Amino acid sequence: MTSNVPDWLNEAVFYQIYPQSYYDSNNDGIGDLPGITAKLDYIASLGVNAIWINPCFVSPFEDAGYDVADYYQVAPRYGTNEDLIQLFTEAKKRGIHVLLDLVPGHTSVQHPWFQESQKHEKNPYTDYYVWNDSIWEMSQKDLPVVRGYAQREAGYITNFFWFQPALNYGFAQRDPRFPWMQPVDATGPQMVRQEIKKIIKYWLDQGADGFRVDMAMSLVKRDPDKLETARFWRWIRDWLDEEYPEAVIVSEWGNPAQAIPAGFHADFLLGFNCPGWVSLFRKRGQGHWHDPYGWSFFDESGHGDIRQFLDEYKSYMDVVKNQGFIALITGNHDETPRIANNKSLAMMKLIYLFLLTMPGTPFIYYGDEIGMQFRELPSKEGGYQRTGSRTPMQWSDEPNAGFSKASAEGLYLPVNPAQDRPTVADQDKDPDSLLNRVRELIKIRLSLKALNADAHFEPIYAESGKLPFVYTRAKHGQKLMVALNPSSQQVSVTLPKDLMKISPNVLDAPDSANITPTDDGWRLTLGPVSGALYQIH
Ligand code: NOJ
Ligand code: CA
């Protein structure tokens with residue numbers, strides 16, 4: 001068993017909800033918290049047992065809510081704090097855990113802390129942010145400065161967009177030429193740390209089950225190995241283990257080898273830092289801004305290379321084993337395009353077989369369960385290229401795809417206008433739909449111990465440029481084998497004799513899949529774009 005990790009996380013399947021775009025309960029054109037609550041029966045019908053909601057707090061929304069102006073207050077456009085607590089209660093009734101989104105690295109310039117901090121007179125908030133000491137001082141490469149937006153004669157360091165001033169956690173490596181770079185134990189950084197802890201405590205006490213943590217690696221500046229940033233999170237985690245042992249923190253770090261030892265229960269593989277992850281689904285000139293070249297592993301050409309993913313994955317696994325989990329996502333509000341773009345139904349089903357049989361913590365981004373597509377759209381609230389991955393959930397054939405009864409022009413973002421856009425209502429009725437396949441696979445995952453997050457994982461056949469990809473999972477004497485063929489050609493491989501003593505039980509496989517003993521070993525054949533799940537003995 002993984003140390004100090006709540007049991008529920010070991011069996012968790014997450015669903016990420018972008019609240020703006022999920023369901024509009026009061027017909028003002030934007031999704032809201034009562035809208036999520038209204039859809040909890042649907043969410044439960046997927047079989048997921050946890051959700052993560054993007055930031056839903058008071059904000060000017062210049063970065064879709066990642067510019068928080070009040071950490072303790074739900075944004076009016078989403079409802080009230082009571083609505084959020086109601087969502088916790090209703091989710092709990094259905095066995096669904098709820099993670100909020102914590103943004104500890106920066107606030108909005110409208111946050112009262114910043115409004116005080118930027119004043120000429122010294123006050124308790126003066127050192128809450130990273131300020132230099134001259135309005136004429138320019139940015140350094142790793143420290144972008146905004147000049148001319150404060151009363152005090154200084155510029156502030158930004159963490160992301162210009163209106164997201166970096167909270168002050170101090171500098172791990174200080175430069176004597178710049179005395180404004182404070183040490184991590186200075187008063188300002190220490191006060192900021194207490195503020196973040198207080199926010200976490202507040203929402204856990206209201207009934208939240210934990211947090212996805214935005215830019216978790218960004219806190220301490222000039223911290224090359226992230227050791228000081230990790231020290232902060234370790235302090236938070238030790239306190240959680242003591243006071244809130246069921247709470248979970250999942251990081252946006254993109255480097256589990258740093259994030260898990262730092263104290264996170266799980267960390268995402270993400271486009272900006274994980275080319276191996278990108279190589280699974282988002283290559284082949286599909287315009288992924290990180291690495292558009294080459295072929296995805298999940299490509300019908302069969303030209304992909306599983307080692308690009310696996311070498312990266314294994315290097316993380318070797319570090320995090322028994323401490324925490326790697327979170328594999330279908331996508332999120334930043335990744336573009338959506339996963340289903342340019343993929344067939346068969347390919348999407350195969351991808352879910354992979355995602356839901358791998359170790360760690362799977363996250364399904366809302367809409368990816370029905371194969372929603374990405375469209376290019378003008379930027380909204382700082383979305384830029386990401387905007388097209390954030391369109392309204394497609395519920396039905398009603399106006400606005402059942403997302404809202406507001407006029408189409410009044411929607412937060414336009415609904416995909418395509419005639420054949422996928423909807424929940426259509427796929428619900430169709431036993432062969434992606435939606436019903438996802439439900440089936442989640443059910444399978446939750447019924448087998450060997451598919452727990454912490455169950456043993458071993459690649460059996462994973463050769464560069466070759467197919468299929470075969471791996472085993474095992475726990476408490478239960479052993480499974482998964483084989484995947486993304487190519488449009490039938491593929492075969494001979495697996496070692498000692499892999500199993502007798503022929504395996506088919507748990508989930510099409511008729512085209514076949515496994516037979518031969519003198520050399522087990523001969524496995526898979527039809528085009530298909531996979532199989534076996535129990536082996
Ligand atoms: C990562 C979030 O996922 C993204 O949407 C946001 O723009 C930045 N962090 C800044 O908070
Ligand atoms: Ca609304």
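In the predicted model examined here, helix α11 contains a series of buried residues, namely Met347, Met348, Leu350, Ile351, Tyr352, Leu353, Phe354 and Leu355. The helix is accordingly described as mostly covered, with eight of its eleven residues buried.

Helix α11, which spans residues 345-355, packs with helix α13, which spans residues 434-447, at an angle of about 15 degrees, and the two axes lie 10 Å apart. Angles under 35 degrees count as roughly parallel, and α11 and α13 are therefore roughly parallel to each other. The crossing in which α11 passes α13 is right-handed. On the side of α11, the contact is made by Leu345, Met348, Lys349, Tyr352, Leu353 and Leu355, and on the side of α13 by Leu434, Arg437, Val438, Leu441 and Arg445. Sorted by class, the residues of this contact comprise eight nonpolar and three charged residues, with no polar ones.

Helix α4 (residues 81-93) and helix α6 (residues 187-206) have axes that come within 9 Å and cross at roughly 60 degrees. This angle makes α4 oblique to α6. The residues that form the contact are Asn81, Leu84, Ile85 and Phe88 from α4, together with Tyr202, Trp203 and Gln206 from α6. Five of the residues in the contact of α4 with α6 are nonpolar and two are polar, while none is charged.

The model also contains a calcium ion (ligand 2), which is coordinated by Asp24 (OD), Asn26 (OD1), Asp28 (OD), Ile30 (O) and Asp32 (OD) at 2.2 to 2.3 Å. The donor residues of the calcium ion follow the spacing D-x1-N-x1-D-x1-I-x1-D in sequence. Asn26, in turn, has a relative accessible area of 47% and is partly exposed.

Ala455 is buried, its relative accessible area being 5%. Although 97 residues separate Ala455 from Met358 in sequence, the distance between their C-alpha atoms is 9.2 Å. When neighbours within four places in sequence are left aside, the residues in contact with Ala455 are Pro359, Lys449, Ala450, Arg473, Ala474 and Lys475.

Val58, located in strand β3 (residues 57-58), provides a further case. Val58 is partly exposed, with a relative accessible area of 25%. Val58 and Val68 are ten residues apart along the chain, and a distance of 6.1 Å separates their C-alpha atoms. Not counting residues up to four places away in sequence, Val58 touches Asp67, Val68, Ala69, Asp70, Gln73, Val74, Ala75 and Pro76.

Particular backbone geometries were also found in loops. Thr336 and Pro337 are joined by a cis peptide bond, for which omega is about -5 degrees. Pro337 is placed in the loop between β11 (325-329) and α11. A cis peptide bond likewise joins Leu467 and Pro468, with omega of about 0 degrees. The loop that holds Pro468 lies between β13 and β14 (469-475).

Positive phi values in residues other than glycine were found at Tyr384, where phi is near 50 degrees, and at Ala401, where phi is near 55 degrees. Tyr384 is situated in the loop between β12 (361-365) and α12 (424-429), and Ala401 is also found in the loop between β12 and α12. Ala401 is buried, with a relative accessible area of 0%.

How values were computed. Residues are numbered from 1 along each chain as its sequence is written. Chains are lettered from A and ligands numbered from 1 in the order in which they are written. This is a predicted model: local features need pLDDT of at least 70, side-chain atom pairs count only at pLDDT 80 or more; totals for chains, interfaces and linings use all residues. Side-chain values use heavy atoms; hydrogens and water are left out. Donors are N, O and S atoms within 2.8 Å of the metal (3.2 Å for Na, K and Ca); water is not among the atoms, so sites may look incomplete. Buried means under 20% relative accessible area, exposed over 50%, partly exposed in between (1.4 Å probe, protein chains only). Axes are lines fitted to C-alpha atoms, for helices over the stretch in contact, and angles run from 0 to 180 degrees between N-to-C directions. Helices (H or I, at least four residues) and strands (E, at least two) are DSSP runs, numbered from the N terminus. Angles under 35 degrees count as roughly parallel, over 145 as roughly antiparallel, 65 to 115 as roughly perpendicular and the rest as oblique. A crossing is left-handed if the near helix is turned anticlockwise from the far one by less than a right angle, and right-handed if clockwise. Contact means heavy atoms within 4.5 Å. Ala, Val, Leu, Ile, Met, Phe, Trp, Tyr, Cys and Pro count as nonpolar, Asp, Glu, Lys and Arg as charged, and the others, Gly among them, as polar.
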